[in-house]
Amino acid sequence: MSDVFDKCSNWKDYRIAKATGLYPYFRVIEASHGATEVEIEGKRVIMVGSNNYLGLSADPRVKEAAIKATEKFGTTCSGSRLLNGTLSLHEELEAKLAKFLNREAALVISTGFQTNLALASILGRHDIVFSDRQNHASLVDGIRLSFSTERKFRHNDMDHLEQLLAQAKPEAGKIIITDGVFSMEGDVCNLPRIVELAKQYNARVMTDDAHAMGVLGEKGRGTSEYFGLEKETDLVMGTFSKSFASLGGVLAGPFDVINYMRHNSRSVIFSASMTPGSIAAALKSLEIIEAEPQRRARLLDIAEKMHNGFRAMGFDTGVSVTPVVPVHIGDQVKCFRFWRALHEAGVFANPVIPPAVEAGHALIRTSYMATHTDAQLDRVLDTFETIGRKLGVIPGTRPTVYEPVQIARPASAVRSNKASEKWAAGSAGLLADKGGITFEQLSKMSSREVAGKIFDAVEQLTWRAANLQPEDLRQLKAAPMKLWEKRGELPGLLLEKGAHFFLRNGTGTDGNPADRI
Amino acid sequence: MALPAEPPTPPTSSPPLPSDVQVTPVRDAAAKMTFIRFPASLYAGDPNWVPPLEMERKDFLDPKKNPFFDYAEVELFLARRGRDVVGRIAAIRNPRHLEIHGTKEGFFGLFECVNDAGIARALLETAGTWLKSRGMDTMLGPANFSSNQDWGLLVDGFDTPPAIMMPYNPTYYPALLEACGLSKAKDLFAFELSASAQPPEKVVRIAEKMRQREGVTVRAVNLKDFPAEVERIRSIYNSAWEKNWGFVPFTDKEFDHLAKDMKTIVRPELVLIAEVKGEAVAFSMTLPDGNQAIKAANGRLTTFGLPIGLAKLVLASRRINRLRLITLGIKEGYRRRGLDAILYLDTLRTAHRLGYAGGEISWTLEDNHLVNRAIESMGGQRSKVYRVYQRPL
């Protein structure tokens, strides 16, 4: 007989991470100093792990608006939009957002996650949804909650999308749903081609602009504005927890569609509405976003500075063209160690490990605010360089050349940077097989196969030994010295190897590939 | 570099593609191992086949170890019928070749196939499609992976095993490739020479006269001064070969890698450098025919974890009695002065002194008449012909 709770008590990953001091989640922030620096365990650290792109959460005007609204309407609406939870503020925000986004109508929903769940109501039994494999978890769940058929295409792979569209029944309703800016790797969807394909195959297009609204485009309206394809994009989704310094989400599009969702989406009608404080903060932020384009320009300048800063040191920031700057580490445990060292040196960033990224492509995700000062940014860069060298992620000396980033500035239509071969190969799944075997695989092999594996290993060792060159021998002789020099690093290295062993043989790697922040 | 003027004729009737054969790219370590091990079953029982060391092949196909992968793009394919592997091929896009020759020639290589024209066609079509999608208009091969390594298909001289770093294949391969619409692009020759035969009087006379008149001194390579010697040879090599058909200069990393590999098998007495007034102007490199030793190991250094193959290899390597003169290069401006004759002669004398029975001089281009005539005048007999095939895509 099995117990529902068994999987919880058998779950090792958390305990291993806790025991080794490499547990990076649910960190408690005790105070905020203008959002760019926060206090954790009594220590001030620079925050480069938030999505507060324009730095508005600390803006006095936004704070004051939230306070005033709370004073006027109270702390909550105590009910759903459908019944008692609609304030004049909700209507005002919807009207202003519809105007801002050039859409017939807009609908605000209590959280960004719920906003994507609301999609379930319009995706019917005979509809087919084409979604990017790296779409945000809320989109994955929204589609899963519907009765539609889902067809996932490989990340930004337009040939694959076309193939799937061509295979679909011509009479079925179709919609292509993609993140505008992908949250972990910072690249932008290929909207021009998506729109072309949508026309060809008679499909609707929706973009999730959670990370793009307020960041991309001349006016900050997101991916579709950036590509000049607003008319061709049928539905746009955005969140208030990023550039809008609040909490909640918005869907904007044709009146009929928005009205239908307003009355049929369970995440709207069965959830308490946005609190007065949140709406007022979002309203004020919208005002500032429209009035102060210099914030966006500053944000993109910062993004460019950081990308190039990292690349000059020899780091790989992959395909990103946005203020989401992923720093490629590779090994998962090394990534945790890197994060730990960053934390100790006073930098708050987030480790991203499989399944959120491909195996072997663990990264430190950094993201920036328009309000970061140059001094703060330089400190972040210096810290990364020191740790990167110490942990062997980057070479001891800076490379002579690097490829500068191309940032997604208004009217530039850059989609992604030329990624390193390593990274590109990883996305193509070429590096998936590392040649190692786990206990589980081993236990499934016959004794003959096991013996074969062992003999192969002996063969390999013999070959290496037979090929030893004088310089290799010299290096071997120097190995004890090197080890001694690195003795400070030894516990960390052992940890890496040990944790590897457990992680490879343990469970907990079968999560949803779309489990992203 | 221009190809022969006449365009190859497209196939009149190609063999039908078998419906039950699947050609798939090699994407994981297990498939790569299958790719490496396939020839062992194909050549079982062939007395002239030299099984390559598995580990050597593994390193060769490892992008981290083989510097060719630093610039070139390679995809390996396996053909399977049900669960049986029936063929393999590599498709190669070599940007340095494209840049230097200004053509759109892609390569295929590591070709092995059972005697079935349909399967051969499936493999070649797959490689062709891969190359075509990368903008190539002609496919050349087999090349493993470039003209700096071994290339060409053995079309004549199946009676003896191949010399070190020369290809070998079953007798039915030429017919297979021709059935798939491939035609000759160029032939490469190998010559056989006995070390005990006296070199012709005339050649000796000319060589000695040249030696006197030009002040040529010939010395053996000095392994203690390895990096500097490699540097000298590199400069001669790249200058001597630049106008050859199909030649692409080594990258520095490739040359160093090759030099490192050679260092383990080379006999320094047989690597000769000719100097005029202290400047190195020509060199020749002759290697003991390691294939004689590698053959003894039968592909593996260990059996059941015991170094049986290694022991056999070491023992057999003491009994190597053949050589391969692998390169001879003369700097521009010193050609046609008999330097080649001096190097051939000194190599022959040293080989005789060291007790080698003879060996092979390979490979030379069929239309490099100057070199071919010089070898023949030394008493070389043409022993093998290798063919590079081509096909428009």
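How many of the 517 residues of chain A count as buried, as a percentage? The figure is 44%. Keep in mind throughout that this is a predicted model.

**Chain A as a whole**

Select chain A and colour it by secondary structure. The chain holds 20 helices and 14 strands. Turn next to its contacts, taking those between residues at least 6 apart in sequence: 72% of them join residues at least 24 apart.

**Helix 2**

Select residues 13-20 of chain A, which form helix 2. Of the 8 residues in helix 2, the number buried is 0, so this helix lies largely in the open. Then step on to A:Gly21, which follows helix 2 of chain A. The phi angle of A:Gly21 is positive, near 75°.

**Helices 7 and 8**

Now show two stretches of chain A together: residues 158-167, which are helix 7, and residues 191-201, which are helix 8. Two packed helices are described by the angle between their axes and the distance between the axes. Here the angle is about 15° and the axes of helix 7 and helix 8 of chain A are 11 Å apart. Angles under 35 degrees count as roughly parallel, and helix 7 and helix 8 of chain A are therefore roughly parallel to each other. Their crossing is right-handed.

To see what makes the contact, display these side chains:

- from helix 7 of chain A: A:Met158, A:Leu161, A:Glu162 and A:Leu165
- from helix 8 of chain A: A:Arg193, A:Leu197 and A:Tyr201

By class, the residues of this contact between helix 7 and helix 8 of chain A divide into 5 nonpolar, no polar and 2 charged.

**A:Gly173**

Move to A:Gly173, which is in strand 7 of chain A, residues 173-179. Is A:Gly173 buried, exposed or partly exposed? A residue needs 20 or more C-beta neighbours within 10 Å to be buried, and 12 or fewer to be exposed. A:Gly173 has 17 inside 10 Å, so it counts as partly exposed.

Which residues does A:Gly173 touch, leaving aside those up to four places away in sequence? Select A:Gly124, A:His126 and A:Asp127 to see them.

**Where chain A touches chain B**

Finally, show both chains. The contact takes 12 residues from chain A and 13 residues from chain B. On the side of chain A that touches chain B, 6 residues are nonpolar, 4 are polar and 2 are charged.

Note on methods
Residues numbered from 1 in each chain as written. Chains lettered and ligands numbered in written order. Predicted model: local features only at pLDDT ≥ 70, side-chain atom pairs only at ≥ 80, totals over all residues. Axes fitted to C-alpha atoms, helices over the stretch in contact; angles between N-to-C directions. Helix = DSSP H or I, 4+ residues; strand = E, 2+ residues; numbered from the N terminus. Parallel < 35°, antiparallel > 145°, perpendicular 65-115°, else oblique. Left-handed = near helix turned anticlockwise from the far one by under 90°. Contact = placed C-beta atoms within 7 Å. Nonpolar A, V, L, I, M, F, W, Y, C, P; charged D, E, K, R; others polar.
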